Structures are given as structure tokens and as C-alpha cells.
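Open your viewer and get the selection tool ready.

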Amino acid sequence: MRQILRTLGPYACACAALGLSSGAAAESGDGGWQFNLMPYLWFPAVTGSIDTTVDGLPGPLGGTPRRLEVSGTVNPDNYLSNLDMAFMLTGEARKGHWAILTDIIYADLGSQDTRIRNVTGPLGAVPRVTRDTKTDMNSIIWTFAGGYRVADEAPWSLDLIGGFRYLELNNDLTVDFTDERGQLLGSTKASMDQSNWDGIIGIRSEYSVRNTPWFVPFYADIGTGSSDLTWQAILGLGYRFDWGEATLAWRAIGYEFNGNDAELTLSGPALGVGFRW
């Protein structure tokens, strides 16, 4: 459970449009390097589930410890007021068909309310969960990849990418279990300190609307390593200026972990402004 929200760190916190820059960066006229740097904001809802053990809940074996699956959600209206610090930046360096891409998200959140969506055990649902469930977390997500442009014929471009994603997570979750009368039946506090390195492969594409400064970026990757599975997808709409571009996108990142059958998904809108030189 600890993890139920973890990473919103990105959580308050792309890699494509905001995701490892838009890729729209055209090559410089002299065939040299061209750079694109984009600070951005991402406001995802964070949904996670994890298996945990809780003492004292009633059941066929009395008050013995029970293994439960707990799932919950943290929304932007919960964590923005308690956000201690956040930093989000994506960038690209390109020369010819080759590109180097990076994206980093850091967030330190204070204690925040967590909405428990479901609590199940071997025999089904268990007593309701109090509404004052709390989560404390801070996290880093760093993506680094190389790309090669395999198609570049107006209005489309397509890059193949390969690299890695790193997740560092510190998360504590406290949950109290009550009966229908509000009487405390049991509680649990779970902590997760985790560092994951995962290799990724993916694609990055862009469609430029003819005779306009508008473009549609798309990014998707999938990978594994320390995690059972990690994936990311971004779809956006951008507007290009002489000095750079502005992009509004929907971004989602997911993780499946091999410990405690934990899962995590972050999804929500992102807004960034990129600068080219």
C-alpha cells in the first residue's frame, strides 16, 4: 500500500510532446546540433494497488492477520495544496537522424488524503476504510534514451527510441479499518523505499498540420528490468513559434512491481513550453 500513490511526484507532476521534447526540432541548416529544452507541469491522478497484511480484522479465523489487496487514488486537488517542491524538465539534442532525449520529474509531497477505492481479501470485501487515510511521498522519475529517425516525409515523422527509465520512491501509507459503526477494527502502516532501473523501447511520432504552425505529437514506450513492467504514453496538441513551441498533452505512466503485486498508474494533463536553439 505504501505505494498507492507514490510517484506522483511526478506526481504533482514526457517525453513526447512533453515527452522527450516534441521531436519537431528541425535540423539546423549547417547539419550541426540542434537543442530543445522544455520545462513543464503535469497534474496526474495517481492510482495504485498493493497487497498488505493487517492485524485484528474479523474473519473466519478470528482476529488473526489477514492478507488484503488495497487500492486507492490521489487527485491533484489533494496533493497540490501540500506540495513541498516539484521540478519537471524534458530536453532533446539532435543531429541529422540521431537524437538524445531526456526527461526528469521530481516531487516532494507533504501528508495528503488518499481515497481508498477498494479493499478485498480471499473472501471478498472487508469492512469500510476511514476517509482520513494519509500518504507521505517523494519521488524521482528519470528517462534517458537515444533515437533514430526512420521516417521524415511531410507531414509525418517517426523516431525509434531505446534507453532506460529510473524510479526512486519513498512512500508511507497509513490506513485505518472500521466497522459500520465507526469502531476501529485494525490499522496498517506500510513503507516503500524503492529504486528501479528499467530498459525501455518505443516510438515517437509527429504530424504537422499542413500550412499551419499546429502539430500533433505522440510518444509510447514499454520496458522491464527491476520492475515487472513499465510503460508510458503521450498524445498532445502543439503550436510552433519561431523560438520554440507550446504543447498541451495527456500523459500516462504505469508500473507493475514484482514485490507485493503492487501496481501504479499516473495519468493526467501536462502543459509545457519548449525553447529551441
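Select arginine 240 and phenylalanine 215: the arginine lies over the face of the phenylalanine, 4.2 Å from the ring centre. A charge counts as over a ring if NZ of Lys or CZ of Arg is within 6 Å of the ring centre and within 35 degrees of the ring normal. Next, pick arginine 251, placed over the face of tryptophan 42 at 4.5 Å from the ring centre.

A word on the model: it is predicted, so local features need pLDDT of at least 70 and side-chain atom pairs 80 or more, while totals for chains, interfaces and linings use all residues. Residues are numbered from 1 along each chain as its sequence is written, and side-chain values use heavy atoms, without hydrogens and water.

Now show the aromatic rings, which form 13 pairs. Rings of Phe, Tyr and Trp (its six-membered ring) pair if their centres lie within 6.5 Å; planes under 30 degrees apart are stacked, over 60 edge-to-face, the rest tilted. Tryptophan 156 and tyrosine 207 make a tilted pair, with centres 4.8 Å apart and planes at 50°. Tryptophan 156 is in strand β9 (residues 156-178) and tyrosine 207 in strand β10 (residues 184-208), so the pair ties together parts 51 residues apart in sequence.

Move on to tyrosine 255 and phenylalanine 257, a stacked pair with centres 5.3 Å apart and planes at 10°. Both residues are buried (under 20% relative accessible area, with a 1.4 Å probe and protein chains only). Then select Trp142, Phe144, Phe164, Tyr166 and Trp197, a cluster linked by ring pairs.

Finally, zoom out: 48% of the chain's 277 residues are buried.

How values were computed. Buried means under 20% relative accessible area, exposed over 50%, partly exposed in between (1.4 Å probe, protein chains only). Helices (H or I, at least four residues) and strands (E, at least two) are DSSP runs, numbered from the N terminus.
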